[in-house]
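Have the structure open as you read.

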Amino acid sequence: MSKIENKILTDLVYEKLKVMIDDGVLTPGQKINKLELSKMLGVSQTPINDALSRLAGEKFLEQRSRQGYFVRAFSDEELVALFEMRGALEGMAIRLCCENATPDQIEELSRCFEGFSFPLNEKTYMDYVHADKNFHEKVIRYSGNSILWELSRTSGYMIKSNMKGLTRPPEETYPEHVAMIQTLKERNGDEAQHLMIQHHLRSRNVFRAKLNRKELNTL
């Protein structure tokens with residue numbers, strides 16, 4: 001097999017594993033079974049090893065001496081930093097969205113949370129999780145800033161911050177999303193940016209509170 005074909009296979013395996021982490025098929029702390037992955041994906045161990053090494057370098061996985069690869073579990077301190085990063089980047093992204101998104105793209109964003117009624121059952125909860133990811137990803141994509149989009153893809157910060165599931169309940173975040181959608185419709189970049197930053201800082205504060213409780217317990 002040529003080097004080009006090997007690279008293509010590695011890229012495909014890499015993307016598949018990222019999706020499995022994002023979808024919760026591979027969970028934080030879980031050991032990667034390379035033989036099982038090889039059988040499931042129908043590829044040899046070589047692209048599996050190459051993809052795992054790449055994901056470890058990007059901090060999606062950790063390699064433990066003589067034990068293998070494990071899905072990385074991010075600490076509360078790291079999650080604080082990740083949500084602060086999301087506030088900064090997505091705050092700018094939604095501001096640019098107000099300036100650059102086409103009417104069709106704004107309409108698409110406005111439909112992301114249609115049809116939800118509370119309380120959610122198990123199925124509609126998972127639908128909401130998907131809608132949440134879809135909305136935030138499209139805000140970046142429709143910002144019109146290719147560097148922001150590339151950074152979101154290469155850093156994987158959205159996947160990393162969502163690996164433990166939703167930080168706050170849908171009943172709390174739904175009205176925040178609706179408010180952001182309204183600012184998009186109005187093309188109000190200042191308010192949209194403010195709402196997005198606050199949206200992520202509230203999630204950050206969940207982990208800050210956990211850290212504060214840990215500190216109190218050690219006193």
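## A close charged pair

Which residue forms a salt bridge with Arg168? That's Glu172, with the closest N and O atoms 2.8 Å apart. A salt bridge here is a side-chain nitrogen of Lys or Arg within 4 Å of a carboxyl oxygen of Asp or Glu. Glu172 is partly exposed at 37% relative accessible area, whereas Arg168 is buried at 4%. The cut-offs: buried is under 20% relative accessible area, exposed is over 50%, and partly exposed is in between (1.4 Å probe, protein chains only).

## What you're looking at

This is a predicted model, so to speak of local features takes pLDDT of at least 70 and side-chain atom pairs count only at pLDDT 80 or more, while totals for chains, interfaces and linings use all residues. Residues are numbered from 1 along each chain as its sequence is written, and side-chain values use heavy atoms, with hydrogens and water left out.

## The cavity

Rolling a probe the size of a water molecule over the atoms shows where empty space is left. The structure has one cavity of 30 Å³ or more, and the largest cavity has a volume of about 130 Å³. On a 1 Å grid over the protein atoms alone, a cavity is a set of points where a 1.4 Å probe fits but cannot get out, and lining residues have an atom within 4 Å of a point. Points are joined across faces, edges and corners, and the volume is the space filled by probe spheres set on them.

Arg168 turns up again in the lining, alongside residues including Phe83, Asp132, His136, His199 and His200. Helices H4 (76-100), H6 (122-141) and H10 (189-218) each supply at least two lining residues, and H10 has the largest share with three. Helices are DSSP runs (H or I, at least four residues), numbered from the N terminus. By type, the lining divides into two nonpolar, seven polar and three charged residues.

## Links across the sequence

There are 20 salt bridges in the structure. One of them pairs Arg153 with Glu15 at 4.0 Å between the closest N and O atoms. Arg153 sits in helix H7 (residues 146-155) and Glu15 in helix H1 (residues 3-22), 138 residues apart.

Lys164 and Asp76 also meet in a salt bridge, 3.8 Å from N to O. Lys164 lies in the loop between helices H8 (157-161) and H9 (170-186) and Asp76 in helix H4, so the pair ties together parts 88 residues apart in sequence. Lys164 is partly exposed at 48%, but Asp76 is buried at 3%.

Terms used: 1 Å grid on protein atoms, 1.4 Å probe; cavity = no way out; pocket = protein on both sides within 12 Å on 5 of 7 lines; lining within 4 Å. Nonpolar A, V, L, I, M, F, W, Y, C, P; charged D, E, K, R; others polar.
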